[in-house]
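Trainee: I'd like to learn how to read a model like this one, feature by feature. Can you walk me through it?

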Amino acid sequence: MKVLLSGLVVTCLAGAASAEMSAQLMGAWTGGPIPEGQHCALQGGDGATPPIQITGIPEGTAFIVASFSDTTYAPMADGGHGTIMFPVRGDSAELPAVPGMTATDLPGGAVIAAPARGSGDYASPGYLPPCSGGNGNRYAVDLTAIDASTNELEKITDFTIGTY
């Protein structure tokens with residue numbers, strides 16, 4: 001798999017015959033510093049996931065699975081900030097912002113596939129917003145297109161959402 005970086009757009013080419021899936025951050029999210037207020041409550045924030053526009057979704061995709069990570073802090077890498085499944089139809093979709101620290105009443109039919117791995121004050125039943133205290137940690141998401149039988153169709157890995 002080849003990953004090309006171009007501004008905020010990441011494109012994964014899984015082969016000449018496959019779809020070309022791309023992601024772009026929306027709203028105040030730029031891939032730079034985490035937007036004001038989008039960090040965890042322990043640092044005075046009320047964060048949510050960034051809204052993300054996905055294009056080039058492969059035919060047969062039922063869900064985009066988004067696994068959020070703090071790539072700088074090993075215990076919270078590889079989906080440590082929570083994994084969310086977003087139902088999608090068609091070749092493009094906007095993944096809505098999902099509030100942190102909850103697993104209920106999520107927008108757009110989203111469901112928590114795996115809660116954040118934090119414990120104690122960092123425990124969350126869903127997504128844990130960036131919570132490194134402004135130490136410059138890098139936050140990223142893996143975006144996986146899956147069909148209704150949970151077969152992986154295409155994946156964008158290590159897509160930077162910001163630093164905090």
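Trainee: Let's begin with the secondary structure: how many helices and how many strands does the protein chain have?

Mentor: Keep in mind that this is a predicted model. The protein chain has ten strands and zero helices. Follow the sequence along and you get the pattern β-β-β-β-β-β-β-β-β-β.

Trainee: And what percentage of the residues count as buried?

Mentor: The protein chain has 164 residues, and 46% of them count as buried.

Trainee: Over how many bridges do strand 5 and strand 9 pair?

Mentor: Eight bridges, in the antiparallel sense, with strand 5 covering residues 63-70. To find one of these contacts on screen, pick Phe-63: its bridge partner in strand 9 is Ile-146.

Trainee: Next, charges. Which residue forms a salt bridge with Asp-158?

Mentor: For a salt bridge, look for a side-chain nitrogen of Lys or Arg within 4 Å of a carboxyl oxygen of Asp or Glu. In this model, Arg-138 is the partner of Asp-158, and their closest N and O atoms are 2.9 Å apart. The two residues link distant parts of the chain: Arg-138 belongs to strand 9 (residues 138-146) and Asp-158 to strand 10 (residues 152-163), 20 residues apart. By this rule, the count for the model is one salt bridge.

Trainee: Is Arg-138 buried, partly exposed or exposed, and what is its relative accessibility?

Mentor: Buried means under 20% relative accessible area and exposed means over 50%, with partly exposed in between. Arg-138 has 23% relative accessibility, so it counts as partly exposed.

Trainee: Where does Ala-116 lie?

Mentor: Ala-116 is in the loop between strand 8 and strand 9. Its relative accessibility is 8%, so Ala-116 counts as buried. Compare sequence separation with distance in space as well: Ala-116 and Tyr-127 are eleven residues apart in sequence, and their C-alpha atoms are 5.7 Å apart.

Trainee: Last one, pockets. What volume does the largest pocket have, and which residues line it?

Mentor: Start with the volume, then go through the lining. The largest pocket has a volume of about 180 Å³. Its lining consists of Asp-70, Tyr-73, Met-76, His-81, Gly-118, Ser-119, Tyr-122, Leu-128, Cys-131, Ser-132, Asn-137 and Tyr-139. By type, that lining divides into six nonpolar residues, five polar and one charged.

Terms used: Residues numbered from 1 in each chain as written. Predicted model: local features only at pLDDT ≥ 70, side-chain atom pairs only at ≥ 80, totals over all residues. Heavy atoms only, no water. Helix = DSSP H or I, 4+ residues; strand = E, 2+ residues; numbered from the N terminus. Buried < 20%, exposed > 50% of the residue type's maximum accessible area, 1.4 Å probe, protein only. Pairing = 2+ DSSP bridges. 1 Å grid on protein atoms, 1.4 Å probe; cavity = no way out; pocket = protein on both sides within 12 Å on 5 of 7 lines; lining within 4 Å. Points joined across faces, edges and corners; volume = space filled by probe spheres on them. Nonpolar A, V, L, I, M, F, W, Y, C, P; charged D, E, K, R; others polar.
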